[in-house]
Amino acid sequence: MPKVTIDGISIEVPEGTSILNAARMIGGEIVPPAMCYYTKLETSGGYCRTCMVKVVKGSEKDPRPMPKLVASCRQPVMDGLEVQNITSPEVVEARAGVVEFLLMNHPLDCPICDQAGECNLQDLGYEHGKDGTRYEFSRREFEKKDIGDKIQLHMTRCILCYRCVKVADQLCPSRVHGVMNRGDVAEISTYIEKAIDNEMSGNMIDVCPVGALTDKTFRFKSRVWFTKPVEAHRNCTKCSGNVRLWFKGEDVLRVTGRKDQWGEVKEFICNECRYDKKNVSDWVIEQPTHVDRQSVISQNHYENLKQMKLDVKKLKK
Ligand code: SF4
Ligand code: FES
């Protein structure tokens, strides 16, 4: 098995593993952020450049460094490969540049955006963003569009990661979707509206890393950090039926796929589970969701609340 070293930590990984996935096997802070790569979507990755790393040694056979930073989600490892991520000032600076670039046209409307609290770009902005922007031109803006009766597209927030296109391509029956135009006039195609009437289309909402595609049945019902996520399942003939329910009080406000620590859904779910089963009696509740992302979403969460109670006790002593 090829041995790869990332920020000084070595690991042996199966042949063909990407640098990003090798880093995920190691875990922790050395894992590059990924805004467009999605494990379960074939050919995803290579669009956003947030996962860039520096290859300082190509392999045992050819130890020459790679001349430019590479997208770690697309670059397979080779035996002896040595990579710098957070230990390279060049990578850190380049990533800040990518974030600045992504935010060039993205509105800074987190206070009114439904994705706030679970937005990968918001997290990325906090972790790598700069204080200001050098962009002096007006940001591009689009009218909001209804994509079917349950999904709203706010193209102004789209970062063109292509994940929703891949969901439409790989989970929906026919290919009637895509990105129209190129450069600063590129946008998610209106053809996608036609791809929406099928039972897996809601997964586009889950894979969208920003607030461009949102669930109309949940929009403006609650800030996500006021909800309580729990794992639940039901017998479903169309999907695994393993979902995450988002409660506010006794009410199920939203149903989504379960996401892993990288923010990717473990199993895609059908629209019946997502939109039509919002009674508690529809579900077998398993346990509270473990939220370990550093996002604001982890605030008000059960596990944190428990921790806070413990801390209060300590203080009283
Ligand atoms: S709408 Fe969302 S998922 Fe689709 S390309 Fe834009 S950012 Fe990516
Ligand atoms: S995650 Fe690698 S280029 Fe986007």
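Ligand 1 sits among 14 residues, and the closest of them are C158, C161, C164, C208 and A212; a residue counts as near a molecule if its C-beta atom, placed from the backbone, lies within 6 Å of it. By class, the shell around ligand 1 splits into 13 nonpolar residues, no polar ones and 1 charged. Here Ala, Val, Leu, Ile, Met, Phe, Trp, Tyr, Cys and Pro are taken as nonpolar, Asp, Glu, Lys and Arg as charged, and the others, Gly among them, as polar.

The model is a predicted one, with local features needing pLDDT of at least 70 and side-chain atom pairs counting only at pLDDT 80 or more, while totals for chains, interfaces and linings use all residues. Residues are numbered from 1 along each chain as its sequence is written, with chains lettered from A and ligands numbered from 1 in the order in which they are written.

Overall, the protein has 7 helices and 14 strands, taken as DSSP runs numbered from the N terminus (H or I of at least four residues for helices, E of at least two for strands). Of its 317 residues, 37% are buried; that label goes to a residue with 20 or more other C-beta atoms within 10 Å of its own, with 12 or fewer making it exposed and anything in between partly exposed, and the C-beta atoms are placed from the backbone. Among contacts in the protein with a separation of 6 or more, 62% join residues 24 or more positions apart, a contact being two C-beta atoms, placed from the backbone, within 7 Å.

Helix α1 (residues 19-26) has 6 of its 8 residues buried, so it is largely enclosed by the rest of the structure. The buried ones are I19, L20, N21, A22, A23 and R24, and they pack against β1 (3-6), β2 (9-12), β3 (52-57) and β5.

Leaving aside neighbours within four places in sequence, N85 touches I6, D7, A23, I30, P32, V53 and V91. N85 counts as buried because it has 23 C-beta neighbours inside 10 Å. Its C-alpha lies 9.9 Å from that of G8, a residue 77 positions away in sequence.

Helices α2 (residues 89-102) and α3 (residues 120-128) pack at about 135 degrees, with axes 10 Å apart; the axes are lines fitted to C-alpha atoms over the stretch in contact, and angles run from 0 to 180 degrees between N-to-C directions. The two helices are therefore oblique to each other. In this scheme, angles under 35 degrees are roughly parallel, over 145 roughly antiparallel, 65 to 115 roughly perpendicular and the rest oblique. From α2, R95, A96, V99 and L102 meet L121, L124, G125 and H128 of α3. The residues of this contact come to 5 nonpolar, 2 polar and 1 charged. N120, L121, Q122, D123 and L124 are the buried residues of α3, and they pack against α2.

T156 belongs to the loop between β7 (151-153) and α4 (163-171). With 18 other C-beta atoms within 10 Å, T156 is partly exposed. Beyond neighbours within four places in sequence, T156 contacts P107, E141 and F142. The C-alpha atoms of T156 and H106 are 6.5 Å apart, although 50 residues separate the two along the chain.
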